[in-house]
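Hello,

Here is the structure I promised to pass on to you. Please open it alongside this message, and my notes will follow below.

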Amino acid sequence: MKKAHERATKFRTISGTKVKSLYTPLDISSCNYLEDIGLPGKYPYTRGIHENMYRGRLWTMRMFAGFGTARETNKRFKYLLNQGETGLSVAFDVPTIMGYDSDHPRSKGEVGRCGVAIDTLTDMEILFGNIPLDKITTSMTINSPAAIIFAMYLAVAEKRGIPFDKLGGTIQNDTLKEYIAQKTYILPPKESVRIITNIIAYCIENVPRWNTISISGYHIREAGATAIQELAFTLADGFTYVEAAINAGLDVDSFAPRLSFFFNSHSDFFEEIAKFRAARRIWAKTMKEKYGAKKKESLLLRFHVQTAGCTLTAQQPENNIIRTTLQALQGVLGGAQSLHTNSMDETLALPSEKAVLIALRTQQIIAHETGVINTVDPLGGSYFVETLTNKLEDEANAYFKEIKRHGGVFKCLEDGYFQKEITKSAKAYQESVERKERITVGVNEYVNPEEKATTINILEIDPSLEREQIKNLKAIKGKRNNKKVKSSLKALEESSKTDKNLMPYVMECVKSYATLGEIMDVWRKVFGVYKEPIIF
Amino acid sequence: MPKIKIKRKPKTKTKVRVLLAKAGLDGHDRGIKIVAKALSEAGINIIYTGLHQTPESVIERAIEENVDLIGFSILSGAHMAVFPRAVKLLKEKGARDIGVFGGGIIPDEDIKKLKKMGVKKLFGSGTPLEEIIEFVKNYKSS
């Protein structure tokens, strides 16, 4: 048969998978429906973790927010909640993420710029002022200092008389992907994972509804990985945490139900949906077959989705609204449990109030106007989507073998294997844009020659907020019981040299109003700091 | 910082030498790594500092290595702290001949201010690699 005329385009997914012009039952003839695809809420959970998905409950609309001081961010939280957001998500500034106080010389110019500045328990009390912590769930994007920020959150609840078993939420607490992609690491990998297993063990006993890690592919993808790499590296990290916790003596069914995931929703519509479906299936199979999990909850891959920041363009920024809409729809069609939609202005600055409202409204429109929530996994059974799902699973399995051959995740970090793989993909992507094999509207095609400067109003962070934060920190240091601070830090230092669970000691430190930087310094002293191999 | 005379490597006559740097706490290194790879494939001599440097350590390294240009990549909003500090340090150390350029998320208003302070060139997101390569290649002759 003569092939019909086709344009000279390379029909491939963003990850480079060739796409055929048509898919038929022959493409999935090797699939056994009940074993490989199955029903939603049933093993291997390809079609979703719940039987009735969004008919039972919509996803949590959780907008990542934070800037300036705790007071400014608390106002933004209330604004978003008033506009119908259903969960909180805290963005911390870079000094907080890197374990430095606002008055540290290294923090100069960075306080409150990329998120909210948190130095002591006082900041956390202000941040969550008049927000019912027993009714709303909070996600906190914090990794290296996760134990400290989490302890502060618990201390706020304790002061308000809220029992810990009423608290729900997530700490990102995924340091492995820091070495791979986001690069806000502090301590060396093994010591970081030790603190993570301490948090896991502490939560089993004390904060049973808390998601102890949000195993993240988002940043791996943003650093330039393909969908396949995002899927494979993230799940490999997940398995590493599972093994670490089992090695620390924990029963897999005691902690696995509280592990959660965080994926990127990039631009390739069907590939992204297939990625979410493949992730669920691989996790369920591996947890059951390799790690011997028995509880149903241990097999469920629950995940948050954020639309892809790296696909947004500084040029014609309003177009970003459409990009985000499509990516959000992918998350919903992929069965996400919670969703953040980026604002159109994020290549220029942190989102303005107007931009963030449009982003939230995007989710509300998908939920209430499109009807996509009426039936579970509407794309299940699509010859194309099922083929892509199988393909992604196979490719991820090939990567797992490769990682194992390299000596496992820790070894791959040390010799820069992940970093090299990602940089290769990032450069290939950029080159395909520059060769115009990949069209980015407004950047390499449909450019507006009249467009000179930014056409939308962007959020400005008042530089005086840095001075205000430092002044407040000084005042707290003067007021607190410095003897108690010293003794709690000393106790943490001593216990860090043993194999004791460190969470209770961190709790004592934050309750004495020791600063985030002071606590992190104890660990820098005991555990040392990580230096990454310089490669490009 | 103690005043130590930094020993400079002799200037090479032909190749442009560039130090690419991440200063501050910002960990976003996708952009700088792509630029590093592209510039070095274009035959430009590239040194990359790695993450979490200070303006002081970058300037010291730049003088030691005797580069023609220093390129900072900043996506954390700290550009108004890092660039002016770098330009000032170069003046103080008598190394005005080393040019400073950069890229990242930098609002138009700030670009204007930074150029007035002596930053040679700032590239926003979406800049084609070719444009950066051209700028660096032509830098020495200008």
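**What I found**

Leaving out residues up to four places away in sequence, A:Tyr23 touches A:Tyr383, A:Phe384 and A:Thr387. Please keep in mind that this is a predicted model. A:Tyr23 sits in the segment before helix 1 (33-37) of chain A.

Next, the place where the two chains meet. On one side, 32 residues of chain A are in contact with 28 residues of chain B. Helix 4 (94-97) and helix 18 (417-434) of chain A each supply at least two residues of the side of chain A that touches chain B. Helix 18 of chain A gives the most to that side, with five residues. Sorted by class, the side of chain A that touches chain B has 14 nonpolar, 10 polar and eight charged residues.

Now to chain B itself. Chain B has five helices and five strands, and from the N terminus on its elements run β-α-β-α-β-α-β-α-β-α. Of the 142 residues in chain B, 47% are buried. Among the contacts in chain B with a separation of 6 or more, 75% join residues 24 or more positions apart.

A pair of helices in chain B is worth a look. Helix 2 (residues 55-65) and helix 3 (residues 79-92) of chain B pack at an angle of about 40 degrees, with their axes 9 Å apart. The two helices are therefore oblique to each other, and their crossing is right-handed. From helix 2 of chain B, B:Pro55, B:Glu56, B:Val58 and B:Ile59 meet B:Val82, B:Arg85, B:Ala86, B:Leu89 and B:Leu90 in helix 3 of chain B. By class, this contact has seven nonpolar, no polar and two charged residues.

B:Ala86 also turns up in the largest nonpolar core, which has 187 residues. Those with the most contacts inside that core are A:Ala151, A:Val506, B:Ile70 and B:Ala86. Which residues surround B:Ala86? Setting aside neighbours within four places in sequence, B:Ala86 is in contact with B:Pro55, B:Val58, B:Ile59, B:Ile70, B:Phe72 and B:Val100.

Best wishes

Conventions: Residues numbered from 1 in each chain as written. Chains lettered and ligands numbered in written order. Predicted model: local features only at pLDDT ≥ 70, side-chain atom pairs only at ≥ 80, totals over all residues. Contact = placed C-beta atoms within 7 Å. Helix = DSSP H or I, 4+ residues; strand = E, 2+ residues; numbered from the N terminus. Nonpolar A, V, L, I, M, F, W, Y, C, P; charged D, E, K, R; others polar. Core = buried A, V, L, I, M, F, W, Y, C linked by C-beta atoms within 7 Å. Buried ≥ 20, exposed ≤ 12 C-beta atoms within 10 Å, placed from the backbone. Axes fitted to C-alpha atoms, helices over the stretch in contact; angles between N-to-C directions. Parallel < 35°, antiparallel > 145°, perpendicular 65-115°, else oblique. Left-handed = near helix turned anticlockwise from the far one by under 90°.
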